Amino acid sequence: MKTLDFGGSKEKVYERSDWPKEKLLDYFKNDTIAVLGYGPQGHGQGLNLRDNGLNVIVGVRKDGRSWKKAVAEGWVPGKNLFDIEEAANKGNIVLNLLSDAAQRDLWPTIKPYITPGKTLYFSHGFAITYKDQTHVEAPEGVDVVLCAPKGSGATLRTLFLEGKGLNSSIAVFQDVSGKAHERVVALGVAIGSGYLYETTFEKEVYSDLFGERGILMGAINGLFRAQYDVLRANGHSPSEAFNETVEEATQSLIPLIGAKGMDWMYANCSVTAQRGALDWHQKFYDSSLPVFKDLYESVRNGSETKRALDKNSQPDYRESLEVELKEIRESEIWRAGETVRGLRPENNKK
């Protein structure tokens, strides 16, 4: 554990080196870790826990799509693969990694198995924070903790296999045993986190929903589209518009930001590019700030949660989602992008 300076504020961080594999094996030697759900997080966390040598079982709907995927990846029915109720009953550490809508819908089924002395673990503060909509209440006599990887379960798994680690946030909502914090740090390392920082259930879900709808996914898609459309409307070809909007951003500039920060990216661009970016960034900040403020309030007041739960609970959700994704996939910008990606040298080897 270290205390580091983050832009002038001191914060504690916990590193993988605090919990080497031998220590993890000893710490969890008498535990059965039940992973409920085999979506992106259940898949990534479950496999990483298994590869770390811990006693982990998976609980999903029998013979469903996730069940078949789990079997294909080495989980054995009756040994370490069970239906949700049986897995929840067998595990003394229960990782509720079902989708947010499924956590709401299946809570009455799962709750009887979350008995005193167990640990209930989430990777999202959604169900607990918005309990007025999900009806998920922290059971009495149970430690309730959170470890939220800052990325997809697929990325968590990929980085783990590469010997790297995704950073994650941790929180304790209810500490009955007096050891909840220690346990969630150990679990965070066991699922493949590189380092961990502290938050609360509420702050995790607020920042997560805000970030996904904002810069991470929603805003970046909107900005890509807007810039591309203006270039096309002014006579630029699809290849030029895509290269100047997406390809240069993802392949050249964003990696520089990730490596050493925004100033490093500016320092490694032409003087003309530097001047233009520095002159225009404030205008984009001023125009987008009210949108971000509206978005945060929509997250805080539960509007985003209600819309997500209502939409995700519809029986034809997967079909309607595919329609939306198809519209994106078949739009000119991303069809142009497919061609551009195919021209990258690493994708064009003969």
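I began with helix H2 (residues 40-51) in this predicted model. I found that H2 lies across strand E3 (33-36), strand E4 (56-59), E6, E7 and strand E8 (143-149). Relative to E3, H2 runs at about 160 degrees.

I then looked up the sheet. I noted 10 strands forming an open sheet with mixed pairing, in the order E1-E2-E10-E9-E8-E7-E6-E3-E4-E5. At the edges stand strand E1 (2-6) and strand E5 (81-82); each has a single partner strand, so one side of each is left without a neighbour in the sheet.

Next I checked how strand E6 (residues 93-96) pairs with strand E7 (residues 119-122): the two run parallel and are joined by four bridges. For Val 94, I recorded Leu 120 in E7 as the bridge partner.

I turned to the second largest pocket, whose volume is about 1,600 Å³. I listed 35 lining residues, with Leu 223, Gln 227, Met 262, His 281 and Phe 284 nearest the centre. Helix H11 (218-233), H12, helix H13 (262-267) and helix H14 (271-300) are the elements that each give two or more residues to this lining. H14 gives the most, with 14 residues. Sorted by class, the lining of this pocket has 22 nonpolar, 10 polar and three charged residues.

Last, I looked up Glu 247, which is found in helix H12 (residues 238-260). Is Glu 247 buried or exposed? I recorded Glu 247 as buried, because its relative accessible area is 9%, under the 20% cut-off. Leaving aside neighbours within four places in sequence, I found Glu 247 in contact with Phe 242, Ser 252, Val 340 and Arg 344.

How values were computed
Residues numbered from 1 in each chain as written. Predicted model: local features only at pLDDT ≥ 70, side-chain atom pairs only at ≥ 80, totals over all residues. Heavy atoms only, no water. Buried < 20%, exposed > 50% of the residue type's maximum accessible area, 1.4 Å probe, protein only. Contact = heavy atoms within 4.5 Å. Pairing = 2+ DSSP bridges. Axes fitted to C-alpha atoms, helices over the stretch in contact; angles between N-to-C directions. 1 Å grid on protein atoms, 1.4 Å probe; cavity = no way out; pocket = protein on both sides within 12 Å on 5 of 7 lines; lining within 4 Å. Points joined across faces, edges and corners; volume = space filled by probe spheres on them. Nonpolar A, V, L, I, M, F, W, Y, C, P; charged D, E, K, R; others polar.
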